[in-house]
Amino acid sequence: MVNIGRNIKKLREKEGISQDRLSKLADISSNTVAKIELNDRPNPTIETLQKIAKALNVEVDDLIR
């Protein structure tokens, strides 16, 4: 089973940015980022994933592998 939240957290930390900064870069709420990373929201929308991927300079596939 894919853990999208874990992948996002790993990529975010690799870039050295906070959840708050990622939320601003992706134009989503910091609460959304936190919930995804904590797996409280295990199935984010494709739109949210696209915004996060763009903010992290990766492809959506990198988030869901």
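Which residues touch the most other members of the largest nonpolar core? Let's look around this predicted model, one close-up at a time.

**View 1. The largest nonpolar core, with 15 residues.** Ile8, Leu22, Ile52, Leu56 and Leu63 are the members that touch the most others in this core. Two or more core residues come from each of these elements: α1 (4-15), α2 (19-26), α3 (30-37) and α4 (46-56). The largest share belongs to α4, which gives 5 residues.

**View 2. Isoleucine 52 and its contacts.** Zoom in on isoleucine 52, one of the core members that touch the most others. Leaving aside residues up to four places away in sequence, isoleucine 52 touches Ile8, Leu22, Ala26, Ile28, Ile36 and Leu63.

**View 3. The buried face of α2.** Here we follow α2, where Leu22, Ser23 and Ala26 are buried. Looking down the axis of α2, you will find its buried residues within an arc of 100 degrees, so they line one face of the helix. The packing partners of the buried α2 residues are α1, α3 and α4.

View 4. Now step off the end of the helix and into the loop between α2 and α3, where aspartate 27 lies. Most residues other than glycine have a negative phi. Aspartate 27 is not a glycine, yet its phi is positive, at about 60 degrees. Is this residue buried or exposed? Aspartate 27 counts as exposed because its relative accessibility is 61%, and the cut-off for exposed is over 50%.

**View 5. Asparagine 57, in the loop between α4 and α5 (60-64).** With a relative accessible area of 67%, asparagine 57 is exposed.

**View 6. Leucine 38, in the loop between α3 and α4.** Our last stop is a leucine with a relative accessible area of 61%, so leucine 38 is exposed. For a sense of the fold around it, compare leucine 38 with isoleucine 4: they are 34 residues apart in sequence, while their C-alpha atoms are 9.7 Å apart in space.

Terms used. Residues are numbered from 1 along each chain as its sequence is written. This is a predicted model: local features need pLDDT of at least 70, side-chain atom pairs count only at pLDDT 80 or more; totals for chains, interfaces and linings use all residues. Side-chain values use heavy atoms; hydrogens and water are left out. A nonpolar core is a set of buried Ala, Val, Leu, Ile, Met, Phe, Trp, Tyr and Cys residues joined through side-chain atoms within 4.5 Å. Buried means under 20% relative accessible area, exposed over 50%, partly exposed in between (1.4 Å probe, protein chains only). Helices (H or I, at least four residues) and strands (E, at least two) are DSSP runs, numbered from the N terminus. Contact means heavy atoms within 4.5 Å. The arc is that of the directions from the helix axis to the C-beta atoms.
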